[in-house]
Every structure is written in C-alpha cells, then in structure tokens.
Amino acid sequence: MTQAEVIAKLQPVFDDVFMDKVDVTPQLTAKDVGEWDSLVHITLVLSIEKAFKIRFGVGEVEATRNVGDLADLIAKKLPA
Amino acid sequence: MNAVSIDDPKSLLADADPRFWDVLRARTRDAEAFEDLLPLSTLRRKALKRGLAFPTGAAPVRLKLAIVGGCSLFPLHELIEHFLLNAPGSGFHAQVFQGDYDNYVSEILEADSGLYEFAPEMVLIVPSFKRCRYQGRMTDPIETQREQGVQTATQLLDLCRTVHERSKAEVLLVNFPLPPYHDPGPFRGRTLASDWNFRKLVNMELGLRAPSYVHTCDLEFLSARRGTLASTDEKAWFESKQPCSVDLLVDLAREVAHIVTGLRQGPKKVAVLDLDNTVWGGVIGDDGIDGIDIGDTSPRAEAFKAFQQYLRTLPERGILLAVCSKNDEDKALEPFEKHPDMALRREDFVSFKANWMPKSDNIRAIAQELNLGLDSFVFIDDNPAEIEIVKQFAPEVTGVLLGPDPSRYAREIMDARLFEPRAITVEDAERAELYKQEAQRQQLEANFTDMDSYLSSLNMKCVISEFRTVDAPRIAQLIGRSNQFNVTTHRRTEAEVRQVIEDPAYCAYTMRLEDRFGDYGLIAIVIGRVEGRTEGNVFDVDTWLMSCRVLKRQVEEETVNEMVRLAKARGCTRIHGVYLPTKKNGMVRDLYPRMGFAVALEQPDRREFELDPMLYTPVDTKINVIQRAYQPL
C-alpha cells in the first residue's frame, strides 16, 4: 500500500475519532488539530491498530513526526 | 462480528431526528469490539454537543459517578458514559469525576479530596493490578500465602468501606483479570504465590467478604470469557497505562453500566413463553403429541428438554413463568398433561394463555391478573413477527427473540442478563408459590358474595415489627422494587435501611401477613420520622409502601391503626403524609383521604395530608394482629 492509499484509509478512522472534520494529509500533526490531545491520541492509535489489523511496537508511534511518517510506518507493517 | 455500519444514526443526527437515540441504543447493544463502539461514542458526543433532543418522556436520568483507579481512566470513562446513556430504559446521563492516575488510595483516604467534594452517588474503583501480587516465595507455606491474599482483599474492602461511609455512595469494585502467561507452568496450581492462583484467591475473598454496598465488576470472569490473551495489551500499559486490551475495556464499561442499571431499575419478574418451537420442537396443532420434539429421542428433542430444565430453575430465583401461545387451549395443554418427557408441567406456570388473540393483549391480561407492571415482563418467542407485535403494542415488555438453534436457547436467555439475582431472599424463592395461592384466593373470592365474610374466611394473621437488622435485605428489596403502592417512592439501599434502624428519630415498622392459604411474608413498610415542633411532635411519614399482592385485605387500615398508636406513644399531635405522583403510583393518590386524613396541600406534583391521632378511631378489621412494633415479645 502506498502512503497515499494508507492516508485515504486513515480518513474514516479520523472521522470516527474526532468530533470535527479533520482533513488527513501527510503534513498533518497533532498541533494542527485542537481536539488532538494526549488522551484522544490514545484512542486514535488504538483505532488505527484495529482498522489496519496491525500492532505498533512500543514507542514507534511516538517517534513519527507527522501523519506522513505514520502512514509509512503503517505501510511497513502491512503484508506485502 | 461484522463491523457496525453507522450510516443510519449518522444521517438521523444530520437531520436532528430524535430517533437517533433509539438507533444508537440498538447499535450499542449489538456492538462488541472497540472499533464498533468508538464511532458510536463519537456520534453520541456530537449529538450531546449539538443538544439533540431526546424522545419525549425518555430523557436519561442524571447520575453522579466517580471513577478512581490505578490505571489511566481514559478512554474507559468515555465508554462507561456511552453505555450508561444507552442502557435499557431511558439510560443515564452521567456526570463523571475522574480520579488522577494511580491516586485512588489517597483520594479515598483524604476526607477533603476532590472525590468527596464531587459528592458521588456511585464510585467505581479500578484497583492497580500490579499491586495484586504475592510478595514472597513460591515455596512459602500455603497458609502464609493465603493470609497475604486475604489481607490484599480486606485492605481493598476497607477502602470501599471508607468511601461508602464518607460519601454514602454505592461502590463498584473491579476485581483482577487472570494473566495469560504460561509461566510458571503446571506448578501454578501447586502454590498460591503464582499470579494465576493469587488473583483467583484475592478475587474469591473479595466476592465472599463484600458487604451489600459493594458491587463487584467481575473482570476475572470477563477476561476469561473473552480470552486472557485477547484481554491483555502490554504495550498499552507502557504507553498510556491502559489496564487491559481495548476489547476488555469495552466489556468492563458495559458491565459497569449493567450494574448501575440493575441498582436503579426494578427487576424482571415474569418470563412469558411461546410454546411451538420454543419449549418443544414442532407445532403441536400440526404434529400432535407424538410428533413434537421433546425428550431423549433425538439431539434436537434433548436440546428442548434441557431448555425446559433450565426454565424450571427460574422460579427458584423468584421469576414467574407464564405461557402465551397461538394454539387451541386443549391442544396446548396436552403435552404438559400427557407427554412423559416434558420437564415443565402445567403447575410450573402462574398463567396459561393459549388462544388466537394478539400476544400483546394476552400479556396485558396476564399483567393484570398478577397485578404486576408490564415493564417487569420478558416475552420469549422464536418468531420475529410475534416479538415485533409485542414490541409495538406493549412496548414496556422486553422481548427476547430466540435464534434458530434450540441448543443455544438457554444461553441466549442467560446472556440477555434479564434474570440475574441481586440479593436472593427467602421471599424470592417462595414468590412463585405465593402467586399460585393468589390464584386460589381469587377463585374463593369469586365464590363469596360479600367481602366481609370472604375476609373473615381467610383467617388472616399479621405480625407488626419495628425494623430489624435481620429484615434489612428484604426491606431494601421492597423499597427498591415497589412502584405502585408506594406514596413517595423514596428509594433506600440496604446500608441506608440500616441507618434508619440506628437513628432513634425514625419510627419504622414492617408488617407480615399470613392467611389460611399461605404466608405472604414481609409485605408492608412504613418509615416515619418524629420531629419536635413548637406545637408538639409531628410524625412525618417518609415512606409507606405495600406489596400489591395484599391489596384489599385491610392491611392499609391496620397500617394506619399502628401508625396512630406509635404516633401517640411518641407524643405526636399530628401525622403528616405526602403523596408524590409517579407514572406508576396512581393507585395511592387518594390513599390518605381514604384512611381519614385531611388534605393539607394540593399541587400537581405533590399532595400533603394530616391526621390528628387523638381524633382517630382504630378501624376494626378481619386481621388478627398478633404482635405490634416496639413492644417486648
């Protein structure tokens, strides 16, 4: 799956988590979204794991800088 | 489990349609996994934020819930709020206090903490699983290990007692999930020091020692049911201090809402059963008594018999059985009377309706016969059309649609969680017997032409007693579930009943009744409070309720006779009664005036009454009062 494909699949996950509409782009970071605090972040990560049927390693998500990085991390975990 | 599509509630929300809440409730009931629940929870938050109205008459009840614990309480608290709002009935709108991470011990022990400032009605404690470990060696003497387990449990229960005594709140205590790890292998069973056995020990001690105000959220059971591996998520602990996997979090939140609902709503009392393809396989009208599946002749017949055997255990919990079937009555009765392999017999049912009228009408008729509210009825059928008709025309009744496989019927009923015992009392077990006697009495009543001679013929005996500690569970149970003959509907927990017993300002009594057909047990309760006023003491009737089983037996008259006697003994110059109307207690609207009280205040939401005890002449009844309250035996 390409980064763009992953990001397209992330959009509905974000829609389920956030109250207000968030446009998912590679540049997006938590700072850009008012609702995206450390608590909602927990829910977001858990939801992404469920949606893609993957498991992040401990600390992996923390190391990503933006949604683009996160999408790359997800793509790496998906079966080829 | 298929992913729950949320298109439906989404568009309803977009249209600001109040039906949104019903759809949300149905989706929530069916959702099992976190990814199914989360979108629903987000929709709920959006709807609340936008102020979407609730359907008329179904606004959720407000509830102040505090959650404290040894883990992160997010997103647990959000899931709990979601399940509470979507609980059966009108649900609960929870105002939640969230304790700080792993700060529950000091929050409970410090009397000036935010927890007490919040004044919760219920407190949920999620203790730290990490602190439930044996400190010592696997090879220590078993007794040493057991002592530590007991100590771990009693320390937790001490916390529960402290929080209950300080806040008067009911306490929901989460116990410990079982670990999924192989280590230490088969040796885990030979010691109490293994996490596996130690947690089981502590959980068992917690359960067996818990006082009535502690309600266990059994995470041991829930983790076993879901699977211990699927319940564990180590990374979620290290990254965000989650106590368990998100799926188990869903189970826990649902359980909390289930317990809260059980504490606040009346229990189910009657199971109404269809017959064809429900209690036996096949259609009696077509297949005949030799053609139906029941007994030991085939796997299918065995499954139906096992289901009947399960149903027969319900009356032991105080659940009444009734039949509602589309059949000719004589054909429907035949298997109960003649088939040798039926586990259920005609006498197991308090009512038997086999006819061709709509089932909703029949269920209403049964409710009237038994003098019970429709909302205490559960209707069980294999036919979705019948379930739907009852839902439309008797919406208060809870329907259970059986699936296609009779081997799962019992499980389906058990997992619908409608007949779970709270505190089982002796009266529960005897209730089915009582209702049968009631049917005989009605028969007798029909034979008498005048009420007086009928009442005399009953040989009624009444024992009146001040509140006694031994009766506290039954008193709390009656206070919790009497809706119709109940002038104020003030609810009290068992702990609060005990406070009434200890406080000398209260003058509270119970009445027991028996007659020649049987013993009704404890059937009426009065809680009075004697208050000194300048013009003399006043006997304030806080609670007056009675089981509807004994209506029209002159118990009301004897209740007032006793009330007046006690008021005089306490030097009262006035008895003051209140009627607070609810949807269900219309039958006691005029109770006080009927008993000779004068109307003192008349408002739509409140009526007040007064009686001067000196001007009251005791009513002569057909009841022989063999003992009175606050008197030596």
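Q: A crossing is left-handed if the near helix is turned anticlockwise from the far one by less than a right angle, and right-handed if clockwise. In which hand does α7(B) pass α8(B)?
A: This is a predicted model: local features need pLDDT of at least 70, side-chain atom pairs count only at pLDDT 80 or more, and totals for chains, interfaces and linings use all residues. Residues are numbered from 1 along each chain as written, chains are lettered from A and ligands numbered from 1 in written order, and side-chain values use heavy atoms, without hydrogens and water. Helices (H or I, at least four residues) and strands (E, at least two) are DSSP runs, numbered from the N terminus. The crossing of α7(B) over α8(B) is right-handed.

Q: At what angle do helices α7 and α8 of chain B cross?
A: Axes are lines fitted to C-alpha atoms, for helices over the stretch in contact; angles run from 0 to 180 degrees between N-to-C directions. Here α7 spans residues 142-167 and α8 residues 195-209. Their axes come within 9 Å, and the crossing angle is roughly 50°.

Q: How are α7(B) and α8(B) oriented to each other?
A: Under 35 degrees is roughly parallel, over 145 roughly antiparallel, 65 to 115 roughly perpendicular, and the rest oblique. The angle of α7(B) with α8(B) is roughly 50°. The two helices are therefore oblique.

Q: How do the residues where α4(B) meets α11(B) divide?
A: Helix α4 (residues 76-85) and helix α11 (residues 246-264) of chain B pack at about 45°, with axes 8 Å apart. They are therefore oblique to each other. F83(B) is one of the α4(B) residues here; R254(B) is one of those in α11(B). The division is twelve nonpolar, no polar and one charged.

Q: What is the radius of gyration of chain A?
A: Chain A has three helices and zero strands. The radius is taken over C-alpha atoms; the globule rule is 2.2 Å times the number of residues to the power 0.38. For 80 residues the rule gives 12 Å, and chain A is close to that, so it is as compact as a globular protein of that length, with a radius of gyration of 12 Å.

Q: What percentage of chain A counts as buried?
A: Buried means under 20% relative accessible area, exposed over 50%, partly exposed in between (1.4 Å probe, protein chains only). Of the 80 residues of chain A, the buried share is 44%.

Methods
Contact means heavy atoms within 4.5 Å. Ala, Val, Leu, Ile, Met, Phe, Trp, Tyr, Cys and Pro count as nonpolar, Asp, Glu, Lys and Arg as charged, and the others, Gly among them, as polar.
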